[in-house]
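Below are some notes for a colleague who will read the coordinates alongside the text. They are arranged as numbered points, each on one topic.

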Amino acid sequence: MVKEKVAEATTEDKTSQKTTDKQGKSQEDKPTTDLRDTTKEQDNKFNFTPISPAEQEAKRRKLWQIGLVLGGMLLAIVVLIVSLVAYSIGYNLANSNSSADDDNIVNVEQSSDSSQESDIPDEALAYQSQDIVGEGQIPDHYRGTGDDAQITVVEYADYACSHCISLANDINDIYNKYGDKVRFIYRHYNVGFTYSGVTAKLAEAAYVAGGEDAYWKMQDQLFNDSTWYQGAYMDDVALDDKIRSYADAVGVDGQALVDAYHDSANNGIDAKISRDESLAGQANVSGTPTVFIGKESVSGTADAITSKLDELLG
């Protein structure tokens, strides 16, 4: 009985040992997985391919180049937008200022139909004859009666002023109606348009080249030429050609007209314009057209001038 139990125990031990040996052998038969192999498998999942430092530097340079190109394009777009905005603002401002100038250059007396007495010195509105201005200087230009005039009308105007142009369109009828009783004097007053100074010099150049008759013909030409009012740019060559274009209408030699224009510092032109400006200052002129009948400032319109002259002449 005891022997049988011992034999059974022995048999169980052997069986257990075999099982353990099998398990150990089974464990030994399994291949060992290397950590580096696992890492490689994970890297390959992302398709990562190592690149050399030279290739990395090349990629960086390419990215910099692309960045510079995009930055340059962005800067160019910004500059273009700023330029367009600036041009738009400048254009609108120029138009606004031009409109404002046209409104402001009209003498304040034009807002009223009634004439007003001007507290100005007598010499400011007196006729500047040749005896007064001196030899070699340019006297006042006038139409109508000379020293025997009952009334003197003095107009300060600018050939590039739209309101002066409007008055000029009607002024000949006034000259014709009152010319035997009234002396109409024209003086320059520069209100700052592009060609204000140029046209004043050009009118006086006609006088230097062809006398009083040429002066008034030139005045008619200047007031009827929209070039000066529009203010389009002309270089020196184009301006000289423009001056010559008036020669036939004015009745003078074209080159003589150009020469007189350019010699304004020596032939009395600059002195005449300067004197007109000085007299305007004494008369408190601040815009164009400003018209004085005697010492009264009246609205610079044909109706206002005619009305006042009718009143004074009965």
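1. A nonpolar patch is built here from residues with over 30% relative accessible area and no salt bridge, with nonpolar side chains joined within 5 Å. With that in mind, Leu63, Ile66, Val69, Leu70 and Met73 form such a patch on the surface, and their accessible area together is about 510 Å². One of these residues, Val69, is found in helix α3, which covers residues 53-104.

2. Please keep in mind that this is a predicted model. The secondary structure of the protein amounts to twelve helices and six strands, and of its 314 residues 37% are buried. The accessible surface is about 19200 Å², and carbon and sulfur atoms contribute 52% of that area. Among contacts with a separation of 6 or more, 80% are between residues 24 or more positions apart.

3. Helix α10 (residues 254-262) can be read from its buried side. Its buried residues are Gly254, Leu257, Val258, Ala260 and Tyr261; they fall within an arc of 165 degrees when the helix is seen down its axis, so they line one face of α10. The cover over these buried residues includes α6 (196-223), α8 (236-244), α9 (247-250) and α11 (269-282).

4. In α6, Asp213 and Lys217 are four residues apart, about one turn of the helix, and their side chains meet in a salt bridge at 3.2 Å, N to O. In α8, Asp241 and Arg244 are three residues apart, again about one turn, and their salt bridge is likewise given as 3.2 Å, N to O. An α-helix has 3.6 residues a turn, so residues three or four places apart point the same way. As for accessibility, Lys217 is partly exposed at 35%, Asp241 is partly exposed at 44%, and Arg244 is partly exposed at 32%.

5. Which parts of the chain does the pair of Asp310 and Lys177 link? Asp310 lies in helix α12 (residues 302-313) and Lys177 in helix α5 (residues 162-178), so that distant parts of the chain, 133 residues apart, are linked by the pair, whose side chains meet in a salt bridge at 3.6 Å, N to O. Both partners are partly exposed, Asp310 with a relative accessibility of 33% and Lys177 with a relative accessible area of 48%. The structure holds 13 salt bridges, and Glu57, Arg60 and Arg61 are linked in a network of them.

6. Arg183 deserves a separate look. The residue lies in strand β4 (residues 182-188) and has a relative accessible area of 10%, which is under the 20% cut-off and therefore counts as buried. Its side chain is joined to that of Thr152 by a polar contact of 3.5 Å. Leaving aside neighbours within four places in sequence, the residues in contact with Arg183 include Tyr127, Tyr142, Arg143, Asp147 and Ile151.

7. A last point concerns another loop. Is Glu135 buried or exposed? Glu135, found in the loop between α4 (130-133) and β2 (141-144), counts as exposed at 82% relative accessibility. Although Glu135 and Gly268 are 133 residues apart in sequence, their C-alpha atoms are 9.9 Å apart in space.

Definitions and conventions:
Residues numbered from 1 in each chain as written. Predicted model: local features only at pLDDT ≥ 70, side-chain atom pairs only at ≥ 80, totals over all residues. Heavy atoms only, no water. Buried < 20%, exposed > 50% of the residue type's maximum accessible area, 1.4 Å probe, protein only. Helix = DSSP H or I, 4+ residues; strand = E, 2+ residues; numbered from the N terminus. Arc of directions from axis to C-beta. Contact = heavy atoms within 4.5 Å. Patch = residues over 30% accessible without salt bridge, like charges linked within 9 Å, V, L, I, M, F, W, Y side chains within 5 Å. Areas by Shrake-Rupley, 256 points an atom, 1.4 Å probe, with all protein chains shown as cover. Salt bridge = Lys/Arg side-chain N within 4 Å of Asp/Glu carboxyl O. Polar contact = N/O pair within 3.5 Å; in protein donor to acceptor, adjacent residues only side chain to side chain.
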